[in-house]
Every structure is written in structure tokens, then in C-alpha cells.
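These are my notebook entries on one structure. I record what I looked up and what I found, entry by entry.

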Amino acid sequence: MAIMVTGGAGYIGSHAVAELLAKGEEVVIVDNLQQGHRNAILGGSLYVGDLRDADFMDTVFRENEIDAVIHFAANSLVGESMTDPAKYYHNNVYGTLCLLDKMKEYGVQRIVFSSTAATYGEPENTPILETDRTQPTNAYGETKLSMEKMIKWFDHAHGIKSISLRYFNAAGAHESGQIGEDHQPETHLVPLILQVALGQRQHISVFGEDYDTPDGTCIRDYIHVSDLADAHVLAVEKLRQGGASGVFNLGSGNGFSVKEVIDIAREVTGHPIPAVAEARRAGDPAVLIASSDRAREQLGWKPKRDNLQAIIASAWAWHQAHPQGYKDWK
Ligand code: UDP
């Protein structure tokens, strides 16, 4: 039996594919390469196409014996979602509807879903529990919450079991040095900081120094991308063993401010990394820190690389070896 990984050529998807291959799983990757990279795929079979293309999806489901889907394929930029929400509803929400319809048609009963801390919006509590209120402050988070809910109703009606994994801030790169983070355009804090260290940017912008936090900058919970990837492998195993549907936070439980992340990157790279204060970015909550107790207890998940210095060092190794990222842009 094979595992279908949608968005398997993307940042988190490619790291999940690497972990699945290491476990000896047969992997079928579906990616439209809008954001993904061919070079990020270390094995398995790649089908290039879109979830919304029914004929294409029929081919993939007919040619493979799929018993579980891990669904990463989505647009994921908070800022862009605020200016172009239609893109997010079309690709994320409608794309997921198309996928679930095909899973129903072909009798595939398990899905692990790539969700986000952005489903919570401004948190009620710190650390955030899965039972806390979900009130997204941006269209990206709203579409991910809609996708989670749609998946839940497909369980209710059609018995498709699901595990939704709400990621906090993914960072770092694979220990092999072969895959890492490369978005176009890049908007994420860690790779942007490292671009400064590589001399590709003059400075890093700090979006808001007037938040209600000790140093005034936003606090986030950074988690190594390979630890996130491990959780997907455990989630598939749980569903294969007949486990119930559920929602799980994935974070380290530690918060770092934007200024602290920059300081750690200065230590790791030995570069001064000039920082310039700028206005707040729309849709950014002040503090996002996960409680991942549920994932630890019910999935047996334990982050192995939970030291921000080491996480940034792994990203730095990849960025130094690949200063232009993957070279296969189209
Ligand atoms: N951030 C920043 N400057 C940048 C990019 C990001 O100050 O050039 C801040 C951003 O406002 C947030 C944190 O860094 O508080 C993490 O942002 P990122 O986009 O990496 O992840 P997100 O939290 O949006 O998933």
C-alpha cells in the first residue's frame, strides 16, 4: 500500500516524504509545482498536477493502491491571503473538497492534514491547547480551519478518519543537507535572516516593536521541520491501527521573540545581521506558543531537535550549500 503526499515537493512535505522513505513506505507525491521543487523530492513517484483536476486525480488513484493521504498542498502566506483571499479559498478549500471527493470515490479512509496555529487567531491562553477557541485573524488561517471542518464532516458522513496537525513555526533543514526551505517569494523570518548573513539582503525588517511582550517583538514557537515530519509518520500509523480522528498541536512549547531569533542567528552565522524596526504586519498575533501534550501522549511524538540554535544551524548549513535554493524554478 502507498501513501499519497499532496504538496510533497514543498518545504514541510518534502521533509515528510524523506521520513516516510526512511521508514520504507511507498510514497506517491502529487504536486502542481506552483511552490514545490522537483529537486526537493528524494524518492517515491511524482505526479505533477492539481488536486482540482479530476481526470489527473483519477489517474493517480487508479495507478496506485493508496491507503492513506497526507495533505500538504495549499497556499500558506498570511500576507497574501489578506490581499487575495479568493486564491486561498480556491486552492485550499476547493482543492481539499476535490481531494476528499476522490478519496470517497476510491475508498481511501485515512487523511493526515497539514493545519496551522493560525487557526487559533489571537490566543485565549499561553500555551495554546487544542480545545481553545479558534478565531483566525487572517484568511489563510480561516481557510485551514474550513478545511479541518470539511474533513471532520467527511468522517461523520463517510468514515474518512483524520488527524489534523496544527503546526507552529517550522524551521531548519534536513540533516542530510539535501533539502531545506526555499519559498518564492520568501516571507519567513529564519530564511530571510540567513539571506542577510549570506549578503543577499542589507538587513532584516522587524515587524513591530510595540507588542505586549518583554522586548516588544512577536514571540513564536519554532519547531524543526524534521520533527514535524516525524509526527506525520506517527499519525499515519495511528490511523492504520484504527485510531480515532483528532486535532493535535505541534510545537516545542518554547517561545522566542523576533529579536531573540536574530541574536541566535548572529551567534550561529558570526554575521552582524543588521535589523531595522518596521510597522506591524497585518494579521500577526503577539504570542503563539503550543502545548503539544496531546501529541506527546496520544501520538507518542517527541521533538528531538528542540534547540533553536541547532535548528538555525541546520538551516544555515543548507542555505550556505544552496545560496540560490533549488534551481528549478518555473
Ligand atoms: N517577521 C519579521 N520580519 C520578517 C519576517 C517575519 O519580523 O521579515 C516576524 C513576523 O511578524 C512574525 C515572526 O517573525 O512575528 C514569524 O514570522 P514568519 O513569517 O516566519 O512565520 P508566521 O508566524 O507568519 O507563520
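**Entry 1: a loop residue, Ile273**

I began with Ile273, which lies in the loop between α8 (258–269) and β13 (275–278). Helices here are DSSP runs of H or I with at least four residues, strands are DSSP runs of E with at least two, and both are numbered from the N terminus. I noted that the model is predicted: local features need pLDDT of at least 70 and side-chain atom pairs count only at pLDDT 80 or more, while totals for chains, interfaces and linings use all residues. Residues are numbered from 1 along each chain as its sequence is written.

Ile273 has a positive phi of about 40°, although it is not a glycine.

**Entry 2: other loop residues**

I then looked up Leu33, in the loop between β2 (26–31) and β3 (45–48). Leu33 is not a glycine, yet it has a positive phi of about 60°. It counts as partly exposed, because it has 17 other C-beta atoms within 10 Å.

Gly49 is in the loop between β3 and α2 (54–63). With 16 C-beta neighbours inside 10 Å, Gly49 is partly exposed. Gly49 and Gln34 are 15 residues apart along the chain, and their C-alpha atoms are separated by 9.6 Å.

Ala279 sits in the loop between β13 and β14 (287–288). Ala279 is exposed, because it has 10 C-beta neighbours inside 10 Å. Ala279 and Phe207 are 72 residues apart along the chain, but their C-alpha atoms are separated by 5.3 Å.

**Entry 3: cis peptide bonds**

Which residues does a cis peptide bond with omega of about 0° join? They are Gln184 and Pro185. I placed Pro185 in the loop between β7 (169–171) and α6. The peptide bond from Thr126 to Pro127 is also cis, with omega near -5°. Pro127 is in the loop between β5 (110–116) and α5 (139–158).

I looked up helix α1, residues 11–22. α1 has 12 residues and reaches 17 Å from its first C-alpha to its last, close to the 16 Å expected at 1.5 Å a residue. The expected span is 1.5 Å times one less than the number of residues. Because 10 of its 12 residues are buried, α1 is largely enclosed by the rest of the structure. Among the buried residues of α1 are Tyr11, His15 and Glu19.

Helix α7 (residues 225–240) has 16 residues and reaches 23 Å between its first and last C-alpha, close to the expected 22 Å. α7 is mostly covered, with 14 of its 16 residues buried. Just after α7, Gly242 takes a positive phi of about 90°.

Ala244 is in the loop between α7 and β11 (246–250). Ala244 is exposed, because it has 11 other C-beta atoms within 10 Å. Ala244 and Gly199 are 45 residues apart in sequence, and 49 Å apart in space from C-alpha to C-alpha.

**Entry 4: the nonpolar core**

A nonpolar core is a set of buried Ala, Val, Leu, Ile, Met, Phe, Trp, Tyr and Cys residues joined through C-beta atoms within 7 Å. The largest one has 94 residues, of which Ile193 and Leu250 touch the most other members. α7 gives the largest share of this core, 9 residues. Domain 1 (2–171 + 223–250) and domain 2 (189–220 + 253–321) both give residues to this core, so it lies between them. These bounds come from an automatic or database domain assignment.

**Entry 5: around the ligand**

Which residues come nearest to the ligand? Of the 15 around it, they are His188, Leu189, Phe207, Cys218 and Val258. A residue counts as near if its C-beta atom, placed from the backbone, lies within 6 Å. α6 (189–197) and β8 (204–207) each supply at least two residues of this shell, and β8 gives the most, with 4 residues.

Key. Buried ≥ 20, exposed ≤ 12 C-beta atoms within 10 Å, placed from the backbone.
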